[in-house]
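Let's take a friendly walk through a protein structure. Have a look at the sequence and the 3D view, and then we will explore some features together.

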Amino acid sequence: MSPVQYAATLPDKWGEHVSKLPRNKLYLSGKCILYVWNEPSGSMQGTRNKMDILYKAGARLMTEYDPERVTHIVASLDTQKNVLQMCGIRKVTELPVHIKTVTWEWIVHQIQGINHTEIYYEPFISRMKQVSQAAKGEAAKDDASSSAKPSYLETSARKREETDDEGSPKKKAKHGPGFQPLQPPSLDASSSSNFDPLAEFYEQAKLMDEFEVEEDEEKPQAVTPSEASEGSKTRWQCDGAPVNSGACPNQDIVDKLLELREIHSARQGSDDMWRTFSYRKSIANIKAFPKRIESYSDARSIKGVGDKTALKIMEIVQTGELERLKHARTDDIVVAQLFQGIYGVGPATAFSWYSQGLRTLEDVKNGKNGVSLSLVQEIGLKFYDDINDRMPRSEAAEIFCKIRQIALTIDAKLYMEIMGSFRRGKATCGDIDILLTRPTDDGKTHHDVMRVLLRRLHEEEILTYDLATPDDLDDLEATYRGLCQVDTAPGRRQRRIDILSVPYGSLGGALLYYTFNRSMRLKASHMGYSLNQRGLYKGVVRDPRDRNKKLSPGTLMDGLSEKEIFDILGVPWQEPHQRVRS
DNA sequence: AGGCCGTACTG
DNA sequence: CAGTACG
DNA sequence: GCCT
């Protein structure tokens with residue numbers, strides 16, 4: 001069955017289901033989406049899954065290009081040819097501006113309910129320029145009229161459509177005979193179904209939240225007592241074991257323990273360091289505990305919770321308070337926490353300053369009692385709030401787009417990806433995290449790109465302050481940390497940015513490492529592999545008495561894709577933001 | 001009693 | 001080398 | 001802090 005034929009079966013297959021969904025779950029309602037597939041006939045399961053998802057999210061799934069109706073085209077660089085073919089055009093820039101080309105990633109984010117600008121998901125650089133210029137031109141006039149618009153790009157694109165200036169391919173609709181868009185079933189806002197096929201998206205999103213705050217190790221176990229005995233095999237979080245959903249029944253406990261953890265982490269000394277580490281683990285597992293903790297043994301059944309923590313939990317359960325917290329938040333701790341908000345200041349520096357009599361950021365700024373700051377700390381202090389605040393996702397996207405454009409003028413074959421919380425679909429980002437590499441099939445590398453790029457970005461005043469520059473700028477693997485700004489207006493907020501380059505063969509490993517990471521690394525290590533930012537190593541030999549000691553580092557399996565690493569580790573494939581399992 | 005993630009940059 | 005940051 |  002061809003994709004087009006398959007698409008025709010969707011109403012029968014899902015129509016009833018979709019009609020029962022509440023309106024607010026139809027994330028793509030009103031959008032007419034042309035999905036461009038790119039799969040050798042035979043393996044079109046991926047295409048079908050994606051069509052299912054689009055349809056179930058309320059989209060009108062188009063199977064042919066109709067410039068009057070299509071609002072979005074889901075495409076990628078790989079499918080560019082197919083796009084041109086399906087639309088009967090020669091260049092993607094011939095597409096009318098009001099039709100947005102987006103990657104599959106964008107769809108996933110819509111379904112996760114994350115609102116963001118579309119431009120980052122623009123797969124075609126030439127269109128990206130078109131659209132971003134259009135957006136900029138209109139943004140100024142736009143303020144008053146736009147209130148609850150999805151994104152400024154959407155707004156401007158619509159306006160642009162009215163005054164349609166440039167030669168958009170004329171609407172000689174090239175419908176084949178019998179063509180018609182697939183209509184989603186009519187909505188019934190009042191009814192809702194129990195079974196939400198998109199639930200997994202939420203679960204995944206939540207799961208990533210856990211990662212953000214915390215979490216490693218095996219899947220938090222000790223689920224319900226009944227379930228606890230069955231299955232002797234270890235379950236790994238990355239295997240996609242079901243995750244506790246809904247509100248946490250032990251939130252009060254978690255909050256109190258979090259406070260305690262913050263206190264320990266503000267202190268200096270290795271004792272507190274490990275205590276902090278320990279709290280991390282136990283708190284993550286308590287969060288995942290499915291029912292209210294009622295007894296000491298309940299508490300002890302949770303992994304990472306020992307005698308001490310269990311007693312604290314009991315105190316909280318019984319009295320609602322934790323006596324310890326009242327005495328622990330002493331002056332030195334509070335001040336140390338304040339000081340550690342300065343980038344480059346950790347426990348040691350913070351307490352050293354405290355013991356020298358400093359108490360406020362003013363004291364620090366004035367160099368009271370002769371304390372001096374490192375260059376990095378100077379910057380950290382100057383932009384204390386900027387660095388600690390998060391930025392809206394759209395701003396991260398905007399900065400990334402600018403940087404990508406500049407980078408591509410240095411070398412058009414560069415591969416760049418924005419990582420970190422952005423890639424995981426968060427609505428706000430603590431920093432911008434850019435991965436950079438370049439395919440080597442033509443014998444070239446990105447060895448000199450970092451040097452040139454950093455210079456250009458400084459010239460453009462996108463990069464403003466360096467926090468750490470790579471030891472060797474010509475190395476294929478290099479890390480840059482600094483501050484950047486979205487434009488040069490005075491008083492513009494400074495944002496944290498990291499740019500790191502990796503050898504092309506490490507791309508898969510790096511992508512994984514910077515998004516998924518912890519639990520998968522652990523699984524790797526138990527399977528006799530080792531996973532770090534360079535990739536997957538096989539043949540790792542560990543001391544049988546002490547698993548932590550590596551006797552042999554193993555050999556790097558170079559050039560694996562993300563997918564291949566998943567396969568080797570036996571982890572079901574999940575798209576970058578952890579979602580569609582296919 | 002001793003491990004608890006591994007790596008890179010600063011000074 | 002210790003301290004710090006980060007995923 | 002917890003775990004082995």
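## A space inside

Which residues line the second largest cavity? Keep in mind that this is a predicted model. The lining is made up of Gly 505, Ser 506, Gly 509, Arg 534, Gly 535, Leu 536, Leu 556, Met 557, Asp 558, Gly 559, Leu 560 and Ile 565. Two elements, β13 (535–538) and β16 (555–557), each give two or more residues to this lining.

Searching the whole structure turns up three cavities of 30 Å³ or more, and the second largest cavity holds about 30 Å³ of space.

## A sheet of five strands

Now turn to an open sheet, where five strands follow the order β6-β8-β11-β10-β9 with mixed pairing. At its edges sit β6 (415–418) and β9 (463–468), each of which pairs on one side only. On average, neighbouring strands in this sheet are turned by 25° against each other, direction ignored.

Take a look at where β6 meets β8 (residues 432–437): these strands run antiparallel, and four bridges join them. If you want to spot a bridge yourself, find Ile 418, whose partner in β8 is Ile 434.

## A helix across the sheet

Finally, find helix α19 (residues 393–410), which lies across β6, β8, β10 (478–484) and β11 (495–501). Helix α19 runs at about 170° to β6.

Note on methods
Residues are numbered from 1 along each chain as its sequence is written. Chains are lettered from A and ligands numbered from 1 in the order in which they are written. This is a predicted model: local features need pLDDT of at least 70, side-chain atom pairs count only at pLDDT 80 or more; totals for chains, interfaces and linings use all residues. Side-chain values use heavy atoms; hydrogens and water are left out. Two strands pair if DSSP finds at least two bridges between them. Axes are lines fitted to C-alpha atoms, for helices over the stretch in contact, and angles run from 0 to 180 degrees between N-to-C directions. Contact means heavy atoms within 4.5 Å. On a 1 Å grid over the protein atoms alone, a cavity is a set of points where a 1.4 Å probe fits but cannot get out, and a pocket is an open set with protein on both sides within 12 Å along at least five of seven lines; lining residues have an atom within 4 Å of a point. Grid points are joined across faces, edges and corners, and a volume is the space filled by probe spheres set on the points.
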